[in-house]
Amino acid sequence: MRIENSYRIIPCYTADVSGVCSALYELGGMVVMHDPSGCNSTYNTHDETRWYDNDSLIYITGLTEMDAIMGNDKKVVRDVADAAKRLSPKFIALCGSPIPFLNGTDYNAIAALIEKECGIRTFAVETNGMHDYIRGAGAALRRYSECVMKPLWDKVLIQKNMHRGINIAESVHCLNKDFVNENISQKSVANSVAGSPVYKINTGISQTLAEHAEIHPHNYDKSDKNHSAVINILGATPLDFTVESSVCSLKNALINRDIHILTSFSASCGEDVDKLQNAVLADVNLVVSTVGMPMAEYMYEEYGIPYVAGIPVGDFADTLCKDILRAASENNPRIVSYNDARMQFAKSSSLPINNNDKLPLAVIGEAVTMGSLAAALSVHYNIPVSLLCPLEDSDALLSASDFKFRGEDQCTELMRRFEHVIADPLYLPICPEGTTLHRLPHEAFSGRCCRQEMKDIFLYPYEWQDKL
Amino acid sequence: MFSDNMNDKTLPTKEYSVSVRDAVFPKPFYQGLEFNAPAHGNWNIVHIGMLLPEARQIYVCADNCMRGVVLTAAEMNAEDRFSFVLLDEADMTVGNLEDVTIKGVAACIDKLDSHPPVILLFTVCVHHFLGCDLDYVYRKLGERYPDIFFARCYMDPLLQKTRPTPDQKLRLAMYEPLKALPVNKHTISLIGSELPLHKSSDLYKLIELVSGSRASNAIKLKEISSCTSYKEYLTMGESALFIADFPGALMGLEALGKRLERPYLYLPMSFSYDEIKGLWSSFAQALYSYCIKGSKANAKCTLPDHIQKLILTDIENQKALCENALSSLRSLIGDTEIRIDYVFHPRPLGLARLLLEHGFNVSTVYIDVISAEEEADLDWLKQNAPDMLLSSTVQVEARIRNRNRPDVLAIGQKAAWFSGTAHFVNAVYGAGLWGFDGILRLCELMEQAYREEKDTKDLITRKGWGCASCV
């Protein structure tokens with residue numbers, strides 16, 4: 001038992017199961033949580049802003065004690081297949097809670113049986129209710145890409161190639177996963193300037209892909225459009241982009257800088273879900289929260305599409321867009337834009353650390369959104385800004401000046417090192433004396449508690465102007 | 001088993017709605033995948049547990065289960081009375097869940113500036129599933145913190161379809177700290193209700209009727225929701241009689257009465273004149289026996305004639321008032337379609353029956369399982385309103401049904417959401433509507449709902465109707 005797992009007053013973050021539902025909410029499918037009760041209520045009460053007004057097919061199985069002990073998976077298969085026949089979802093996703101984890105439920109087998117029964121694409125997202133939303137939502141988008149989008153994406157590319165005179169056999173060959181994997185040094189880590197891990201790609205793959213430029217999205221219709229880069233947005237969910245206007249503001253910030261947005265996963269801001277099949281034609285994937293990372297990795301592994309992590313907030317927006325163009329034009333596959341920006345700034349900063357040996361400012365929260373805000377604040381206030389991250393699967397998105405933590409005590413000790421901290425208001429009870437907390441509500445932490453004071457961060461990136 | 005065939009009247013249906021004529025008792029609907037409507041006014045275990053003054057709640061569970069309860073506490077501005085221990089895979093698979101629980105809870109307690117007098121310790125499905133030795137856990141914690149009472153509470157919905165629900169078990173556990181104090185025959189306690197009993201309630205009226213004008217006979221009714229300190233709460237242990245009016249409290253009432261060797265009486269909220277009349281009689285007799293005469297448990301005395309006459313006269317007066325109120329309301333709202341849900345009141349079918357008997361147009365009752373207390377009402381409806389619908393609130397199609405009936409007068413939050421109406425009675429769990437007074441106040445609430453629109457989305461999405469809310 002880890003002592004940091006005991007909490008006195010702050011809440012825990014949105015969990016993996018809710019993350020799955022949030023990520024897939026607008027994609028036209030049916031999500032089933034294998035759970036006795038509670039997961040659905042928790043999700044739709046505290047983690048979902050769309051539940052009241054927008055219908056989405058999200059259910060629990062209503063697992064009972066007897067079924068859990070006896071392993072009555074037939075009931076799950078029958079119930080899900082029957083519901084799917086009635087409701088005709090575009091796909092079915094299964095995820096799970098602690099009890100199915102303990103009895104070793106084979107979700108992939110259940111998914112296969114459901115798909116056989118009802119003829120609707122069904123896939124499992126491995127969750128057990130013991131991780132945060134980053135894990136669940138990220139896995140959901142990746143599994144959705146693998147199981148639902150891949151056939152569509154392959155088809156789009158084949159059609160595009162045929163249009164350009166490349167025959168089917170060659171197109172299929174080019175799309176073969178092994179073809180790509182053979183040429184990628186998977187997860188070989190090189191050190192970036194910021195010290196964060198960056199996946200290195202063999203020189204050979206770039207050349208090989210370049211030889212097949214007709215299928216490489218880098219060159220897609222470049223001559224036909226006026227935009228400097230065509231991108232997908234990955235990882236936009238209301239858990240990190242809660243204010244209704246924020247996804248649209250995010251898009252506007254990019255469009256105003258001549259970036260063309262092809263698709264958005266998965267808060268689509270009114271987009272037609274059917275257009276998501278065009279995602280494979282993008283130059284670059286823009287990862288706007290850690291949630292988008294597994295999908296970005298998949299699209300890079302499978303289709304060679306590079307990605308950039310960051311959101312175009314405040315004074316950081318221009319740097320991000322330059323990095324998008326760099327990724328598109330220089331075969332630079334993985335850029336954590338905000339870390340580069342902060343590190344470059346930090347080196348040139350002339351501000352000393354103050355007399356109390358405290359650093360001036362830290363932000364707490366999700367790596368990509370808060371990292372980008374940290375970059376914007378660094379530039380705006382001419383100070384180094386650190387990121388304190390309590391969320392899982394974020395290591396690759398942190399810089400050397402950032403900190404991971406778990407639990408209240410670690411958080412308090414980290415906050416103590418800073419003069420100012422920007423964080424969700426529910427961190428206030430553990431903020432130590434001598435450190436000032438500035439309020440920035442985060443849906444995935446405080447849920448509805450502070451929703452009324454949330455603002456569109458793209459419109460108000462420097463709310464703390466007079467306080468810092 | 002379920003019925004796909006509409007002609008098969010003996011099995012639960014898989015349809016979203018079923019006519020009363022074809023409804024199977026007690027489960028009219030097949031239990032498959034479950035939807036959860038965004039109407040959250042019902043109290044959960046966190047809300048209920050917070051009624052125990054000065055108590056702290058500690059939960060030991062995984063992230064997703066925790067998220068719902070910790071934010072419930074935060075939304076009701078009670079996060080400073082809530083701690084938790086997160087369980088991960090290692091905790092569940094190494095085989096020492098007892099130690100994990102003890103150490104985790106101890107770490108939570110050791111972080112506090114001072115010890116609370118009582119901790120409601122909630123273990124979960126995982127503890128049950130893994131066969132965690134909870135006796136050992138509670139014993140060790142009790143030894144380590146002898147100044148704290150550890151109440152055994154559960155958040156184990158895995159069991160709730162075949163055994164008592166977490167809610168029922170909590171309504172038992174939160175009275176476990178009570179000890180049998182010397183009997184004060186001028187005190188009775190209402191057990192297991194969330195909200196204070198309305199001062200106009202029949203129960204207060206009966207207390208006055210039985211105790212009369214002599215100050216020496218005055219009887220005080222105590223409720224946990226009115227206690228402002230743990231010390232005050234403990235004085236409920238002196239009660240000469242325990243009563244409960246909510247079905248979910250019955251298990252706790254029986255356990256408490258037997259443990260303290262005190263008389264107890266279940267006085268359910270009802271919309272039936274005959275049943276209310278019987279409850280008046282039972283309560284009056286119990287008050288007279290245990291509070292006026294000071295009898296021991298199960299030694300009831302016969303009510304004196306003058307009290308019996310007073311009661312009978314008052315019952316007739318109250319019935320007449322109810323009839324007038326229902327008649328006036330019927331004249332006002334005419335054939336307006338009425339829909340009722342089970343969260344509004346534990347007797348939704350009884351309520352539908354009362355309204356139908358008085359000429360109202362009740363079309364639908366939203367209900368998933370029919371209580372044994374309502375079997376007779378179901379039978380009456382089958383005979384007298386066979387076309388009235390029962391609609392499931394959890395069946396999969398509940399998500400996508402048309403919710404555009406702003407003309408409906410809804411009684412309850414779920415009925416309001418499923419109808420898409422702004423005209424609704426906003427209350428849960430009976431709202432303290434007891435007896436004839438309950439019927440009169442219901443008429444007032446229905447009239448208000450008919451005349452005025454409410455902000456449905458704002459009101460029904462708030463958790464714990466009547467609790468503080470920061471949302």
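Residues are numbered from 1 along each chain as its sequence is written, and chains are lettered from A and ligands numbered from 1 in the order in which they are written. Because the model is predicted, local features need pLDDT of at least 70 and side-chain atom pairs count only at pLDDT 80 or more, whereas totals for chains, interfaces and linings use all residues.

Chain A holds 17 helices and 17 strands; helices (H or I, at least four residues) and strands (E, at least two) are DSSP runs, numbered from the N terminus. Of the 468 residues in chain A, 57% are buried. A residue is termed buried if 20 or more other C-beta atoms lie within 10 Å of its own, exposed if 12 or fewer, and partly exposed in between, with C-beta atoms placed from the backbone. Two residues are in contact if their C-beta atoms, placed in this way, lie within 7 Å. Among contacts in chain A with a separation of 6 or more, 70% are between residues 24 or more positions apart.

Domain bounds come from an automatic or database domain assignment. For chain A these are domain 1 (8-131), domain 2 (146-340) and domain 3 (343-453). The centres of domain 1 and domain 3 of chain A, taken over C-alpha atoms, are separated by 34 Å. Contacts between these two domains involve 9 residues of domain 1 and 12 residues of domain 3. The domain 1 side comprises 4 nonpolar, 3 polar and 2 charged residues, where Ala, Val, Leu, Ile, Met, Phe, Trp, Tyr, Cys and Pro count as nonpolar, Asp, Glu, Lys and Arg as charged, and the others, Gly among them, as polar. Chain B is assigned domain 1 (56-173), domain 2 (184-317) and domain 3 (321-460), and the centres of domain 1 and domain 3 of chain B, taken over C-alpha atoms, are 37 Å apart.

The contact between the chains takes 54 residues from chain A and 57 residues from chain B. On the side of chain A that touches chain B, the elements giving two or more residues include β1 (6-7), α1 (16-24), α2 (39-46) and α4 (73-87). The most residues on this side, 7, come from α2(A). By class, the chain A side has 27 nonpolar, 19 polar and 8 charged residues. In α1(A), 9 of the 9 residues are buried, so this helix is largely enclosed by the rest of the structure; Asp16(A), Val20(A) and Leu24(A) are among them.

An open sheet of 5 strands, with mixed pairing, has the order β1(A)-β3(B)-β2(B)-β4(B)-β5(B). The strands β1(A) and β5(B) stand at the edges, each with a single partner strand, so one side of each is left without a neighbour in the sheet. Strands pair if DSSP finds at least two bridges between them. β1(A) and β3(B) (residues 82-86) are antiparallel over 2 bridges, with Ser6(A) partnered by Val85(B) and Tyr7(A) opposite Phe84(B). β2(B) (residues 56-61) pairs with β4(B) in the parallel sense over 4 bridges, Arg56(B) being the bridge partner of Ile119(B). β4(B) and β5(B) (residues 149-155) run parallel and are joined by 7 bridges; Leu121(B) stands opposite Arg152(B).

In β4(B) (residues 118-124), 7 of the 7 residues are buried, so the strand is largely enclosed by the rest of the structure. Val118(B), Leu120(B), Phe122(B) and Val124(B) point one way, and Ile119(B), Leu121(B) and Thr123(B) the other way. Helix α2(B) (residues 63-75) lies across β2, β3, β4 and β5 of chain B, at about 170° to β3(B). Helix α4(B) (residues 97-110) lies across β1 of chain A together with β2, β3 and β4 of chain B, at about 145° to β2(B). Axes are lines fitted to C-alpha atoms, for helices over the stretch in contact, and angles run from 0 to 180 degrees between N-to-C directions.

The largest nonpolar core has 298 residues, of which Val20(A), Ala93(A), Ile231(A), Val284(A), Ile324(A) and Leu287(B) touch the most other members. Such a core is a set of buried Ala, Val, Leu, Ile, Met, Phe, Trp, Tyr and Cys residues joined through C-beta atoms within 7 Å. Helix α7(A) (residues 133-163) gives the most to this core, with 11 residues. Neighbours within four places in sequence aside, the contacts of Ile324(A) include Ala229(A), Ile231(A), Val284(A) and Val308(A).
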